[in-house]
Structure formats: structure tokens, C-alpha cells
Amino acid sequence: VTVSEYWRQHFLKMGYRNIYKIYNGFDISRFAFSDEEISDFIKRQGLGGKPIVYLGNCQKAKGIVEAYNMLKGIEAHLVTSGDRHANIGATNLKLNYRDYLLLLKASSVVLTMSKFKEGWCRTAHEAMLCRTPVIGSGKGGMRELLEGGGQIICEDFKDLKRNVELVLNNPSKAKGLGNKGFEYAKDFTKERFEKSWEKLLKEIL
């Protein structure tokens with residue numbers, strides 16, 4: 001069972017035939033936020049006064065070192081989350097899941113510049129459910145998600161700063177990306193996920 005068309009094709013090319021594709025499912029109800037909740041999060045974390053650029057989980061494989069080096073010096077909070085596995089100057093936050101979602105919602109743009117082939121990229125999908133623009137490498141199954149949701153694919157870190165500034169300096173562009181992303185991402189519900197698994201199990205049995 002794969003989570004994207006990229007990996008379904010990958011295993012088909014390897015000669016496998018009993019391959020099924022079931023997309024990730026999300027509890028869409030968890031992506032409702034009040035303005036007060038967002039403002040409180042920004043205040044608690046000391047992230048006011050400038051746009052927030054979320055670089056991703058603090059792991060080197062996620063491309064955060066290269067992203068930070070390309071973006072340091074721009075007028076924005078550069079933020080990572082999770083356990084710190086890379087020594088860079090970005091603000092690193094260890095958050096519960098609700099605060100993590102609030103970080104995605106409060107961000108002006110979310111980066112998913114993974115250097116490895118992602119299965120799908122839940123961070124990108126969660127950001128899209130928050131109506132936050134996403135710029136990603138598009139590696140692996142992530143490309144299907146970003147293309148489907150009309151987000152920005154950035155294959156070369158040299159182009160990252162230009163793409164980030166494009167979003168930060170164009171509110172209408174950012175809003176359009178956010179709305180497009182949400183319209184695509186909202187169809188990947190936990191109910192659809194459960195029905196897909198039930199269908200597969202019935203077929204097998």
C-alpha cells in the first residue's frame with residue numbers, strides 16, 4: 001500500500017503487481033483556528049513583528065541547513081521545530097501538536113525542502129489545510145501534492161530566496177496560494193482514508 005502515485009509507479013517498475021494506493025487522511029476539524037488563538041501563540045513564542053518562515057523539522061535531511069543559509073538576513077523569523085539535529089541560527093520550538101499546527105497557521109510560508117524522496121509530506125499537507133503557502137523541493141510523492149494544490153516547487157536551493165520573497169512581498173499571491181492549497185488538501189479526509197482501507201480489506205478477503 002503506497003501513499004502516492006510516485007511510489008505506486010516505483011513498485012510497478014520493480015515488477016510488483018499487487019500494489020494499492022491509499023492517500024493520507026486528516027481530521028479536518030483540527031484545522032480551525034481563532035484569531036485570538038493565533039495571536040496568543042505568536043505572543044507566547046516571541047514571534048511578533050515580522051513574518052514567520054517555517055523551515056521544517058530540525059533535521060538535516062529536511063534541507064533546513066541549506067534553507068537557513070539561503071534565507072538568513074531576510075526580515076523574517078526563521079523557525080524550525082522538534083528535536084534539534086542541526087546547529088543553525090533559526091529559532092527552534094518543541095511543540096505539542098496543537099501548537100505545531102498554530103505555527104503552520106501563523107507562518108507566512110512553510111518550506112518543505114527535503115533532500116530525500118518523501119512518501120507524501122504531511123507537513124506540506126498540514127500547511128495547506130492551514131491555508132499557508134508552501135514552497136517545497138517536490139521530491140518523491142511530494143510533487144503530486146504540491147502540483148495538485150498549486151503550490152511552488154523549488155528544485156534548487158539557489159532559487160529559494162527569490163521564491164520566499166515572492167510570497168512575502170505579494171499578499172494577494174500568498175492568499176491565492178493558500179486558498180488553492182486548502183481546496184485541494186481538504187478532500188483528504190480521515191473518512192475517505194478509512195473507507196479506502198475498508199474497501200481494500202474487503203477485496204482481499
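A: A term to begin with: accessible areas come from the Shrake-Rupley method with a 1.4 Å probe, and for residues only the protein chains shown count as cover. The chain exposes about 10700 Å². Carbon and sulfur atoms supply 49% of that area.

Q: What kind of model is it, and what are the ground rules?
A: It is a predicted model: local features need pLDDT of at least 70, side-chain atom pairs count only at pLDDT 80 or more, and totals for chains, interfaces and linings use all residues. Residues are numbered from 1 along each chain as its sequence is written, and side-chain values use heavy atoms, with hydrogens and water left out.

Q: How many helices and strands?
A: The chain has nine helices and six strands. Helices (H or I, at least four residues) and strands (E, at least two) are DSSP runs, numbered from the N terminus.

Q: Why call it as compact as a globular protein of that length?
A: Because its radius of gyration is 17 Å, close to the 17 Å that the globule rule gives for 205 residues. The radius is taken over C-alpha atoms, and the rule is 2.2 Å times the number of residues to the power 0.38.

Q: What box do the C-alpha atoms fill?
A: Roughly 55 × 35 × 35 Å, along the principal axes.

Q: How much of the chain is buried?
A: 45% of the 205 residues. Buried means under 20% relative accessible area, exposed over 50%, and partly exposed in between (1.4 Å probe, protein chains only).

Q: And contacts between residues 24 or more positions apart? What share do they take?
A: They make up 64% of the contacts with a separation of 6 or more. Contact means heavy atoms within 4.5 Å.

Q: Switching to charges. How many positive and negative?
A: There are 33 positive and 24 negative charges, and their mean positions are 4 Å apart. Lys and Arg count as positive and Asp and Glu as negative; His and the chain ends are not counted. Each charge is placed at NZ of Lys, CZ of Arg, CG of Asp or CD of Glu.

Q: How many salt bridges?
A: The structure holds 15. The criterion is a side-chain nitrogen of Lys or Arg within 4 Å of a carboxyl oxygen of Asp or Glu. Side chains of opposite charge can pair when their charged atoms come close.

Q: Which parts of the chain do Glu37 and Arg98 link?
A: The two side chains form a salt bridge at 2.9 Å, N to O. Glu37 is in helix H2 (residues 35-45) and Arg98 is in helix H4 (residues 97-106), 61 residues apart. Glu37 is partly exposed at 24% relative accessible area. Arg98 is partly exposed too, at 28%.

Q: What about Asp83? Which residue does it pair with?
A: Lys94, with the closest N and O atoms 2.7 Å apart. Asp83 sits in the loop between strand S2 (77-81) and strand S3 (91-93), while Lys94 is in the loop between S3 and H4, 11 residues apart. Asp83 is partly exposed at 42%, whereas Lys94 is exposed at 64%.

Q: Where do Glu147 and Arg143 lie?
A: Both are in helix H6 (residues 142-148), four residues apart, about one turn of the helix. Glu147 is exposed at 51%; Arg143 is partly exposed at 28%.

Q: New topic: Leu104. Buried or exposed?
A: Buried, at 0% relative accessibility. Leu104 belongs to helix H4.

Q: What does Leu104 touch?
A: Leaving out residues up to four places away in sequence, its contacts include Tyr54, Val110, Thr123 and Cys130. Its C-alpha atom is 9.4 Å from that of Leu129, 25 residues apart along the chain.

Q: And Ala76?
A: Ala76 lies in the loop between helix H3 (64-71) and S2. Ala76 is buried at 8%. Not counting residues up to four places away, Ala76 touches Lys50, Pro51 and Val53.

Q: Last one, backbone. What is phi of Cys121?
A: Near 100 degrees, a positive value in a residue other than glycine. Cys121 is in the loop between strand S4 (109-112) and helix H5 (122-129), and is buried at 5%.

Q: And Arg131?
A: Arg131 has a positive phi of about 60 degrees, although it is not a glycine. Arg131 is in the loop between H5 and strand S5 (134-136), partly exposed at 37%.
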